[in-house]
Structures are given as C-alpha cells and as structure tokens.
Amino acid sequence: MNKQAISKPTGKPYPRRCSECGQVAVHLAKVQYAARIKHDGKLHEFNISELPIDRCAACGEEFFTNVSSDAKSDALREHLGLLQPARIRELLAEHKLTQRKFAAHLRVAEESVSRWLNGLSIQSRALDTLMRIYFVNGEVRKLLASDEPICIKAGEPAGSAEVIGVWGRRH
Ligand SMILES: [Zn+2]
C-alpha cells in the first residue's frame, strides 16, 4: 500500500499507468478509510465509507489522488459540521457579497476566503461560527459591515452592542 503517492495528472482518463508495476491498469476505487486528520489543533478520527482512490488491478497498489484529498477535506468539514465551500458560495450569492467585502466584514484576509471557497483550506470552527451568525442575523451583518470596532459597554443589557467608532470614544 503506497497511500502517500499522488498519481498525476488527476484529470487523466482511466485506466492510468501504474507507477509501481508500469501496467496500464489503474482504476478508480472506493475504499473504507479511517481518517486521522489534525484541524484546529486537535486530532480528529472518523471513518470515511467511500474514499475515492486509484488502485492498480495488476499489482494491487493503491494511490491517494487529489480527488482523495478533496474528499477527505469534504468529509472532515462534514464530520465537524462546518460549512462546505459550495454552501458558502451560495450564501455569498444570496447576499450579493463579493469575496473582498465578505473578507472585510469577517476581518479576515481575502486570500483566506478564496482558499475556503476553493477547498484549499478549512475554516476554523470559530470562523465557521462567525460566518453562520453573520448569515443568519441581519443586525450582525450591519455591525460587521462597518470598519469600526464593535464596543460592548459594561453593565448594559444584551443587544446594546453598537458601532461607536474608535474604542472608547463614547466612554
Ligand atoms: Zn501496478
């Protein structure tokens, strides 16, 4: 088993040539896979029932592909209950938001948003939560649409958070 190997290019039609035995006998296979993935500083262990991999019918060698690694990322997002890239795209379209605007509202780099949308990185649970709160709550969207910091004044009831400009201006 050579699961570290990446067969390239992934767009090539099957059967592909096996880098182990040289036979053109590599086909797509779906395997059960015990994933152990580190995310957010924690190791997550869970089963993926049908992970797509490449398998050589001649020598039995199995290869991870880019498709496998995308599937692993999707499975991790699902395991952790994180928004999938396609869902974030839909939400941006629904709210007529550009990546740049959304990134500014969330106080993250535009590059981060781009990487989430392209599946190149997985958002932290904290940022996933912020995104959800942003999308479900118009007041939150209004607050975050401003560049100004949000001040929560001590001793006031919940819901009194407002944009007041520079920290402390109205204290
Ligand atoms: Zn082979």
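This is a predicted model: local features need pLDDT of at least 70, side-chain atom pairs count only at pLDDT 80 or more; totals for chains, interfaces and linings use all residues.
**Entry 1**

I began with the strands. They form an open sheet of four, in the order β1-β2-β3-β4, with antiparallel pairing. I noted β1 and β4 (62–63) as the edge strands, since each pairs on one side only. For the record, strands of a sheet pair through backbone hydrogen bonds, either parallel or antiparallel.

I then looked up the pairing of β2 (residues 24–39) with β3 (residues 42–56): the two run antiparallel and are joined by 13 bridges. A34 stands opposite N47 in β3, and K30 has P52 in β3 as its bridge partner. The two strands make a hairpin with two residues between them. In that turn I found D40 with a positive phi of about 60 degrees.

Next I followed β3 into β4. Two bridges join this antiparallel pair, and D54 stands opposite F63 in β4. This hairpin has five residues between its strands, and G60 in the turn has a positive phi of about 85 degrees.

**Entry 2: the helix on the sheet**

I asked which strands helix α1 lies across. Helix α1 (residues 66–80) lies across β2, β3 and β4. Relative to β3, I recorded an angle of about 150 degrees for α1.

**Entry 3: the zinc site**

Which protein atoms are the donors of the zinc ion? I found the SG atoms of C18, C21, C56 and C59, at 2.3 to 2.4 Å from the ion. I noted the spacing of these donors along the chain as C-x2-C-x34-C-x2-C. C21 lies in the loop between β1 and β2 and C59 in the loop between β3 and β4, so this pair ties together parts that are 38 residues apart in sequence.

I then examined the geometry. The angles subtended by the four donor atoms run from 107 to 117 degrees, and the arrangement is therefore tetrahedral. The criterion I applied is that all angles lie between 85 and 135 degrees.

C18 is buried, because its relative accessible area is 3%. C21 is partly exposed at 34%, and C59 is also partly exposed, at 39%. The cut-offs behind these words are under 20% for buried and over 50% for exposed.

I searched for disulfides as well and found zero in the structure.

**Entry 4: backbone geometry**

I looked up a cis peptide bond and found one joining Y14 and P15, with omega about -5 degrees. P15 belongs to the segment before β1 (16–17).

I then turned to positive phi values at residues other than glycine. K96 has a phi of about 50 degrees, and its place is in the loop between α2 (85–94) and α3 (99–106). Is K96 buried or exposed? K96 counts as exposed because its relative accessibility is 71%.

R107 also has a positive phi, near 60 degrees, and is not a glycine. I located R107 in the loop between α3 and α4 (110–117). R107 counts as partly exposed, because its relative accessibility is 40%.

Key. Residues are numbered from 1 along each chain as its sequence is written. Side-chain values use heavy atoms; hydrogens and water are left out. Buried means under 20% relative accessible area, exposed over 50%, partly exposed in between (1.4 Å probe, protein chains only). Two strands pair if DSSP finds at least two bridges between them. Contact means heavy atoms within 4.5 Å. Axes are lines fitted to C-alpha atoms, for helices over the stretch in contact, and angles run from 0 to 180 degrees between N-to-C directions. A disulfide is a pair of cysteine sulfur atoms within 2.5 Å. Donors are N, O and S atoms within 2.8 Å of the metal (3.2 Å for Na, K and Ca); water is not among the atoms, so sites may look incomplete. Four donors count as tetrahedral if all angles lie between 85 and 135 degrees; four count as square planar and six as octahedral if opposite donors are over 155 degrees apart and all others between 65 and 115; anything else is irregular.
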